[in-house]
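Here are my notes on the model, point by point. Please read them with the structure open.

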Amino acid sequence: MATLQDIGVSAGINILTAFIFFIIFAFLRLQPFNDRVYFSKWYLKGLRSSPASGGGFAGRFVNLDLRSYLKFLHWMPEALKMPERELIDHAGLDSVVYLRIYWLGLKIFAPIAMLAWAVLVPVNWTNNELELAKHLKNVTSSDIDKLTISNIPESSHRFWAHIVMAYAFTIWTCYMLMKEYETVANMRLQFVASEARRPDQFTVLVRNVPPDPDETVSELVEHFFLVNHPDNYLTHQVVYNANKLADLVSKKKKLQNWLDYYQLKYSRNNSQTRPITKLGCLGLCGQKVDAIEHYISEVDKTSKEIAEERENVVNDQKSIMPASFVSFKTRWAAAVCAQTTQTRNPTEWLTEWAAEPRDVYWPNLSIPYVSLTVRNLVMNVAFFFLTFFFIIPIAFVQSLATVEGIEKVAPFLKVIIEDEFVKSLIQGLLAGIVLKLFLIFLPGILMTMSKFEGFTSVSSLERRSASRYYIFNLVNVFLGNVIAGAAFEQLNSFLNQSPNQIPKTIGMAIPMKATFFITYIMVDGWAGVAGEILMLKPLIIYHLKNALLVKTEKDREEAMNPGSIGFNTGEPQIQLYFLLGLVYAPVTPMLLPFILIFFALAYVVYRHQIINVYNQEYESAAAFWPDVHGRVITALIISQLLLMGLIGTKHAALAAPFLIALPVITISFHRFCKGRYEPAFIRYPLQVSFFYISVKFTAT
């Protein structure tokens, strides 16, 4: 069990690590040769063409302005200066609303932390239950445990303080969630209505077009919409299976890039010697030819192949998929079509809003309806086994990532481990690092599963992956560590308990694992977030590509890999902190300041990244917010149930029943928000469409 000293050692190491990361970042971002890595968004938007250099040859690679190094944390206030309206125009609504999740965490937990420390910490601290248990029952505890609900004796009237605080925390959380839901919904409607006109705003994706022996898919789609939407139908584009054509286009792009390189090289060559290349493996052997003439002929040859293949794809009926993008004359008409059933058979002519071109996931457009159902079932079963079998290695390794576990496996290390600093290091860091390493490959696995399910947009793929990541974190990271991590050897007895005893068992284990989650927050939420700003992997990859592969300015632009906010990995991580904060607020308030530091640090870091680095792959107009709201509600209900189980173990028979109303209130609140705000994220309001058309007509 980690002590206050262990937490102090872990905090010191993680704070020092984060500070070192910030110093390294401050130095690297000031160097001109790293400018395209740390300010890649400005380059991609065309607002920056070269770094500000100090002049001369050295100034193009190294920042010679010594005064700039004195302001190594100047990027923090700079990240907070850009107004939200300007940030939406600069980075999009998705990025801004994603940042609001961190801001929501601060708004929820700052008042909760102050209230918990002002009321619950004195209530918990001014008892001697753990001291008596230590002498009478030989129960081990630390100074941290005196700040928890575990220090209150059974049947004590002090539990009323925790119940009153649970009501206060619930009311405040629900209030902030409602205000934020309303704000984001209004932001979404305003954003969609005020956007510049784009083809996807007038377009619907039609899937499961039924086969017809007398008509092609294109003719069938045109005939269907001319009959059913005669006044508003504009045009359509069927989906083709053009994999070979895509390969040829990619080949031509590479050949054209080589041609540009050799032409640029020749134009800069004062000797007027024409460049030469070899036709053998990797240009290292074989016949020597004129490079420019060779690539001109190869580009022309590939262009002819592309034209031929395009003709083959258009004329081959087997290449036409049973899906089509149908465009309408008005956004109002597109909204009507996307939100209505087209035929009496609900499995045919399926319509939905077309994603913007960047958001479309093309491989899944032609998957049949029946196949979608089967795929969904298979992936749900696979995810079930992945989640519940993964808990075994995590629990086992977590049981070894302690002083006692290491001494059991490697007794010869006992002399080293018993050293106070080493012991604090193990108990304060090791378990959190091990858990972090176990989760490295999980996002890739979950994204692959989502793709197999058949979602047609990248945004829906990420939302599905994020949903499963959240469930995985809930079962393995939270419950797995509370139960199996606390006592791996007692796992069988836990599994054999009746369902009504499980909340009590989990409730008893929660205070015991508070120190583990504190260390995990510091490893993942402090040092991990600080490490994100370094962009170490993109930095190394960019310089390797720049040294080995870059031949033209276009190559240099493509070598930049700024990444995006990564909703499928970032949002479940945030939700884990919401869960920990809401669960431990009435139980172990000491955890709350660590969560507040995470939300504040992450807000600043990711705001900087969104402004200067990340290039969002798509824009869904904050379609993910109902998922965010629902997961916070889930965390709130879990915290209420676990508090009921915990107080039930303390034999507070008079106090515990008053907690039953909390889940009922929370679920009722969620149903209200679902009916009041969620439609704005699922269906496009006709009123907004009509308003948009009226404004445009008046303006013209």
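1. Arginine 464 first. At a relative accessible area of 23%, arginine 464 is partly exposed, because that class runs from the buried limit of 20% to the exposed limit of 50%. Keep in mind throughout that this is a predicted model.

2. What does arginine 464 pair with? Its salt-bridge partner is glutamate 453, and the closest N and O atoms are 3.0 Å apart. The two residues sit eleven positions apart, glutamate 453 in helix H18 (residues 442–453) and arginine 464 in helix H19 (residues 458–485). Glutamate 453 is buried, at 4% relative accessibility.

3. Helix H19 also holds phenylalanine 472. Is phenylalanine 472 buried or exposed? It counts as buried, because its relative accessibility is 0%. Beyond its neighbours within four places in sequence, phenylalanine 472 contacts Phe383, Leu386, Thr387, Phe390, Leu439, Leu442 and Val477. Proline 572 is 100 residues away from phenylalanine 472 in sequence, yet the C-alpha to C-alpha distance is 9.3 Å.

4. Now the overall picture. The protein has 700 residues, and buried ones make up 50% of them. There are 30 helices and six strands. Of the contacts with a separation of 6 or more, 81% are between residues 24 or more positions apart. The accessible surface comes to about 33,900 Å², with 63% of it belonging to carbon and sulfur atoms.

5. Back to charges. Side chains of opposite charge can pair when their charged atoms come close. The structure holds 14 salt bridges. One of them joins lysine 244 and glutamate 309, at 3.9 Å from N to O. Lysine 244 belongs to helix H11 (residues 243–268) and glutamate 309 to helix H12 (residues 291–315), so this bridge ties together parts 65 residues apart in sequence. Lysine 244 is exposed, at 54% relative accessible area. Glutamate 309 is buried, at 13%.

6. Another salt bridge to check is aspartate 290 with arginine 274, where the closest N and O atoms are 2.7 Å apart. Aspartate 290 lies in strand S4 (residues 288–290), and arginine 274 in the loop between H11 and strand S3 (276–278), so the pair ties together parts 16 residues apart in sequence. The relative accessible area of aspartate 290 is 16%, and it is buried. Arginine 274 counts as partly exposed, at 32%.

7. Salt bridges also form a network. Which residues does it link? They are Glu84, Arg100, Lys107 and Glu180.

8. Aromatic rings deserve a look. A search of the whole structure gives 38 aromatic pairs. Among them is the tilted pair of phenylalanine 22 and tryptophan 75, at 5.5 Å centre to centre with 55° between the planes. This pair links distant parts of the chain, 53 residues apart: phenylalanine 22 is in helix H1 (residues 4–29) and tryptophan 75 in helix H5 (residues 75–81). Both phenylalanine 22 and tryptophan 75 are buried.

9. Ring pairs also build a cluster. Its members are Tyr98, Tyr102, Phe109, Tyr577, Phe578, Phe598, Phe599, Tyr606 and Tyr614.

10. Two arginines sit over rings. Arginine 48 lies over the face of phenylalanine 39, at 4.5 Å from the ring centre. Arginine 375 places its charged end over the ring of phenylalanine 452, 4.7 Å from the centre.

11. Threonine 170 is in helix H9 (residues 159–194). Why does threonine 170 count as buried? Its relative accessible area is 4%, and buried means under 20%. Leaving out residues up to four places away in sequence, threonine 170 touches Leu636, Gln640, Leu662 and Thr666.

12. Last, the surface. Which residues make the nonpolar patch of about 710 Å²? They are Leu377, Val381, Phe384, Phe385, Phe388, Phe389 and Ile392. Valine 381 sits in helix H14 (residues 369–400). Its relative accessibility is 40%, so valine 381 counts as partly exposed.

Key
Residues are numbered from 1 along each chain as its sequence is written. This is a predicted model: local features need pLDDT of at least 70, side-chain atom pairs count only at pLDDT 80 or more; totals for chains, interfaces and linings use all residues. Side-chain values use heavy atoms; hydrogens and water are left out. Patches are made of residues with over 30% relative accessible area and no salt bridge: like charges are joined within 9 Å, nonpolar side chains (Val, Leu, Ile, Met, Phe, Trp, Tyr) within 5 Å. Accessible areas come from the Shrake-Rupley method with a 1.4 Å probe; for residues, only the protein chains shown count as cover. A salt bridge is a side-chain nitrogen of Lys or Arg within 4 Å of a carboxyl oxygen of Asp or Glu. Helices (H or I, at least four residues) and strands (E, at least two) are DSSP runs, numbered from the N terminus. Buried means under 20% relative accessible area, exposed over 50%, partly exposed in between (1.4 Å probe, protein chains only). Rings of Phe, Tyr and Trp (its six-membered ring) pair if their centres lie within 6.5 Å; planes under 30 degrees apart count as stacked, over 60 as edge-to-face and the rest as tilted. A charge sits over a ring if NZ of Lys or CZ of Arg is within 6 Å of the ring centre and within 35 degrees of the ring normal. Contact means heavy atoms within 4.5 Å.
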